[in-house]
Every structure is written in structure tokens, then in C-alpha cells.
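Visitor: Could you walk me through this one? I'd like to start with the overall fold and then look at one helix.
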Amino acid sequence: MPTFAGGKVERWVHDEKTGESKKVEEILPVGDVGLMRYLGYTVKYPVVAQELGVQGRVIVSFIVDVDGSITDVKVLKSADPSLDKEAVRAIKAMPKWNPGMQDGKPVRVQYSVPVTFRM
């Protein structure tokens, strides 16, 4: 099976003491923990969905190619068009993965990830 390869992500952090926000860089771990952190930092709840109170889980499928790149991103289970669009955007923006291996050689593997939108 392929694995999320980790990597760097930039995010804004608010300092309660100073009242200022600053951009910080975080190194994400390899595997599911890193993937969940990546999605947590990258997925932005669409304003229109927030205003309408729309929530749900979008299941996104994609191919991890032999070079670790993400291709063929598709929504398998839709929650709402605005949520689907944001989930696909975040998945397409992911850094490369460690590809799946078979008999010591990298292979293309289909992978699915749930992206949950909850208020």
C-alpha cells in the first residue's frame, strides 16, 4: 500500500499573548497521522456551506502513481457540491506519497480518503 510521505506545511498560528498571527512551518510525519494533519491544516470549510449549515463526509478516491504523484482524483461519495470541490482541491494539492510496492517495484494504487466537514 502507498503511504503519505509527510512533508512540510505552512499554517497561520495566533499568539494569544501578543494578539498577532504568524506563519509557521511544520514537518508532517509519514503515514495516516501526517495525512490527517495535512487535511486538517489544508481543508477550508467553504463559506457558503457554513452559511447554509451544510455538513457531511466526502469520500475521495485517487491514484498514487509509481512516482508518488496524485492523479485521477474523483468523488466517490458526495456530501454537497461546495464540500466536494474543497475536498478534491485539498487532495490534488497533496505532496507526493511513497508509492505502493509489488515484488520490489513501485506500482499504481487506488486509494480512498474520507474528508469530513463538521461545524
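Guide: Before the fold itself, one term: a contact here means heavy atoms within 4.5 Å. This is a predicted model, and among contacts in the protein chain between residues at least 6 apart in sequence, 65% join residues at least 24 apart.

Visitor: OK, and how many helices and strands are there in the chain?
Guide: The protein chain has three helices and nine strands, and their order along the sequence reads β-β-β-α-α-β-β-α-β-β-β-β. The C-alpha trace spans about 55 × 35 × 15 Å along its principal axes.

Visitor: Now the helix. Which residues of α1 are buried?
Guide: Helix α1 covers residues 32–42, and its buried residues are G34, L35, Y38, L39 and T42. Because these cover an arc of only 135° around the axis, they lie on the same side of α1.

Visitor: Why would that spacing put residues on one side?
Guide: An α-helix has 3.6 residues a turn, so residues three or four places apart point the same way.

Visitor: And what does the buried side pack against?
Guide: The buried residues of α1 pack against the strands β1 (3–4), β3 (21–28), β6 (97–98) and β9 (109–117), and also against helix α3 (81–92). On the face turned away from that buried side, α1 carries the exposed residues D32, V33 and G40.

Visitor: Switching to the surface, what's the accessible area?
Guide: For the protein chain the accessible surface comes to about 7400 Å², with 52% of this belonging to carbon and sulfur atoms, while buried residues make up 38% of the 119 residues.

Visitor: How far apart are the mean positions of the charges?
Guide: The mean positions of the 17 positive and 15 negative charges are 2 Å apart.

Terms used
Residues numbered from 1 in each chain as written. Predicted model: local features only at pLDDT ≥ 70, side-chain atom pairs only at ≥ 80, totals over all residues. Heavy atoms only, no water. Helix = DSSP H or I, 4+ residues; strand = E, 2+ residues; numbered from the N terminus. Buried < 20%, exposed > 50% of the residue type's maximum accessible area, 1.4 Å probe, protein only. Areas by Shrake-Rupley, 256 points an atom, 1.4 Å probe, with all protein chains shown as cover. Lys, Arg positive; Asp, Glu negative; His and termini not counted. Charge placed at Lys NZ, Arg CZ, Asp CG, Glu CD. Arc of directions from axis to C-beta.
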